Amino acid sequence: MSTAGNRIIEFIRECTHRERVVVIVDSLERLRGVSGADQDAMFQHVITTFAGDFDRLRIPSASVVYSVPPYLALMADVRNFITCFALASVRVYAKPIANGNPTANRRQPRPEGLEKMRSLINRRYAEWDQVLQASALDTLAKASGGDLRHFMQRLVSGVVGKAQFALDRVPLTADDPLINQVIDENRGETERLTVQSEWSLLANIARTHNAIAADRGDSLRTLARLFDTRVILNYRNGAEWFDIHPLLWPLIDKLNEQPATAA
């Protein structure tokens, strides 16, 4: 990469008449295999490169920023070697745990987070309130768990697509059947991103808000895939913490409610 990268950097300097260049390599999370073996190989390549093979990452004549999948920091101790920042989901719910104990406002809507989601869509679509009432938008934001891609591309876009056939009801209210329909469709899609053998891991994350694999084999790869598909979301306020996607709460909560059986 260094030779080709240096050529690109020199071309940019000549065109812009600037000495300092920062290269941003985006969307590496889209690199994935088709089969299970391909996915394992892709995970391993990413780990090997970012956890030790630094020469492949550097462009000596420029600063480089890589956008990497969130599972990377869990699968390798990369923070000791490179500067790593996490782009966390927006906290649309209050922090669920403090000092190892559940908080009183666990899973309660967080007004500051909902306001951030509204300000985001206001910059993208300034006339959104002609289609959705604020309460309806908040309902979609809560259903997204603060994941911006899910919020914009699946929930809001899904509602807007259906609203064109219900123009007599716009702006839609939070309890409009179209809102519930889109959320239910997304809940089904999110549930189908999991398999039953993963539910105990998800139940543990929903309870502890930590993401720890049982081993460095299948469990770690499963954890990476669940991050990759946004079944697990990461958050940060001071310390990093995790939760399962809120659309999975009804399914996974049933496991945490089941009493333990005697051996």
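Guide: Let's start with Asp138, which touches Leu114 and Arg118, leaving aside residues up to four places away in sequence; a contact here means heavy atoms within 4.5 Å. This is a predicted model, where local features need pLDDT of at least 70 and side-chain atom pairs count only at pLDDT 80 or more, while totals for chains, interfaces and linings use all residues. Residues are numbered from 1 along each chain as its sequence is written, and side-chain values use heavy atoms, with hydrogens and water left out.

Asp138 sits in helix α5; helices (H or I, at least four residues) are DSSP runs numbered from the N terminus. Its relative accessibility is 15%, so Asp138 counts as buried (under 20% relative accessible area, with exposed meaning over 50%, using a 1.4 Å probe and protein chains only).

Now look across to α4. Its buried residues are Gly113, Leu114, Met117, Arg118, Leu120 and Ile121. They cover an arc of only 155° around the axis, so they lie on the same side of α4; the arc is that of the directions from the helix axis to the C-beta atoms. These buried residues pack against α5 and α6 (148–163). On the other side of α4, Pro111, Lys116 and Arg123 are exposed.

Finally, follow the loop between α4 (111–124) and α5 (134–144), where you will find Gln130. Gln130 has 52% relative accessibility and therefore counts as exposed. Gln130 still touches Val170 and Pro171, again not counting residues up to four places away in sequence. Gln130 and Pro171 are 41 residues apart in sequence, and their C-alpha atoms are 5.3 Å apart in space.

Methods: Helices (H or I, at least four residues) and strands (E, at least two) are DSSP runs, numbered from the N terminus.
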